[in-house]
Amino acid sequence: MIRYLTELSLEHFTEAARNVPYQQIQSGLFFGADVWIRRDDLIDPLLSGNKAYKLIYNLLEARKQGKDTIVTCGGAWSNHIHATAAAGQRFGFKTVGIIRGERPAKLSAMLQDSERFGMELRFVDRSLYRERHQKGFLERVDMCLLDSWFIPEGGANLEGGRGVQLLGKIIGEASPIGFDECWCPCGTGLTLGALTSSLPSSTQPVGVPVLKAEESILAIVKEWGSSGGEIKPPMLISDAQHGGYGKRSEQLDAFQARFEALAGFGLDHVYTAKLAFALEARLKGESKVYHGDHKTRVLLLHTGGLQGRRGLYGA
Ligand SMILES: *Cc1c(COP(=O)(O)O)cnc(C)c1O
């Protein structure tokens with residue numbers, strides 16, 4: 001069995017993704033539903049979670065076009081920056097990270113890692129960073145290298161979405177049981193959108209936004225939805241943000257600690273803790289639902305992000 005992403009090829013990646021473990025949560029954490037979690041945090045120790053899926057076609061395309069450098073952008077705690085830096089080191093690309101804000105006296109643990117993986121960090125002030133989606137941004141930050149492949153923030157481009165569609169297809173083909181619902185956390189919404197267009201039609205996609213951005217998430221979902229055939233519109237859980245991006249609440253912290261103790265593995269506080277909390281809140285408020293002969297079968301996606309937990313301790 002293939003473990004970890006040691007080789008840059010679609011076959012190898014697909015094989016690793018098909019071997020990602022599924023875990024049934026039996027600890028009494030969730031009542032009224034049969035809840036499983038797909039551990040995409042384990043696909044690789046460094047290229048982990050949904051960021052691995054968003055990177056794969058980007059890396060393959062960069063290689064195909066003979067680009068030797070990957071340029072991307074993000075904030076000081078970006079999982080995407082971290083994964084891109086690790087991918088560059090692993091597969092032999094130079095990497096440049098355009099980072100929002102001034103260079104601080106002490107880098108975040110994530111940026112320290114990224115530098116150690118060989119990424120060149122270029123800090124740009126916040127007003128210039130705001131132009132990252134506009135034409136001419138790379139010229140303005142002096143990063144218009146001929147031999148470079150640019151990936152937008154979070155891995156949110158066509159190649160990124162294609163990688164997540166591969167995940168949706170693999171869930172349809174390689175899951176131990178068929179699922180009625182598939183839940184994922186949403187930042188930009190690209191993951192939810194690309195899943196919506198690729199999960200089996202019998203599986204309802206459910207997104208949990210971790211920041212107040214339902215409208216832009218729905219717009220991205222619509223864009224991706226129209227790329228496939230018939231799709232099931234996703235459900236969005238809109239009150240699970242706990243105050244906004246990266247913010248926490250006492251209830252969330254208590255739930256995360258209880259979940260981790262009972263399930264035996266970690267969640268990250270920005271995305272997956274809010275995801276699991278939202279499912280518990282929904283199940284608590286509902287009577288048991290049967291689909292034919294079985295309780296609702298729910299798949300949670302562990303989208304990774306565990307390296308960002310160091311932010312909790314002020315690292
Ligand atoms: C980036 C990230 C997400 C959000 O993905 P989007 O496609 O931007 O919605 C979810 N979970 C984790 C752990 C992430 O790092």
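In this predicted model, helix α2 provides the largest share of the shell around the ligand, namely three residues. Helix α2 spans residues 50-64, and together with β7 (181-186) and α8 (190-196) it belongs to the elements that each supply at least two residues of that shell.

In total, 15 residues surround the ligand, and the closest are K51, N79, T188, T191 and T303. Sorted by class, the shell comprises nine polar, four nonpolar and two charged residues.

Which side chains place an N or O atom beside an oxygen atom of the ligand, and at what distance? For T188, the separation between such a side-chain atom and a ligand oxygen is 2.6 Å. For K54, the corresponding separation from an oxygen atom of the ligand is 2.8 Å. A nitrogen atom of the ligand, in turn, lies 2.7 Å from a polar side-chain atom of T303. Of the 390 Å² of accessible area that the ligand has on its own, the protein covers 96%.

Finally, the location of the ligand can be stated in terms of pockets: the ligand sits in the largest pocket.

Notes
Residues numbered from 1 in each chain as written. Predicted model: local features only at pLDDT ≥ 70, side-chain atom pairs only at ≥ 80, totals over all residues. Heavy atoms only, no water. Near = heavy atom within 4 Å. Polar contact = N/O pair within 3.5 Å; in protein donor to acceptor, adjacent residues only side chain to side chain. Areas by Shrake-Rupley, 256 points an atom, 1.4 Å probe, with all protein chains shown as cover. 1 Å grid on protein atoms, 1.4 Å probe; cavity = no way out; pocket = protein on both sides within 12 Å on 5 of 7 lines; lining within 4 Å. Sits in = over half its atoms within 2 Å of the grid points. Helix = DSSP H or I, 4+ residues; strand = E, 2+ residues; numbered from the N terminus. Nonpolar A, V, L, I, M, F, W, Y, C, P; charged D, E, K, R; others polar.
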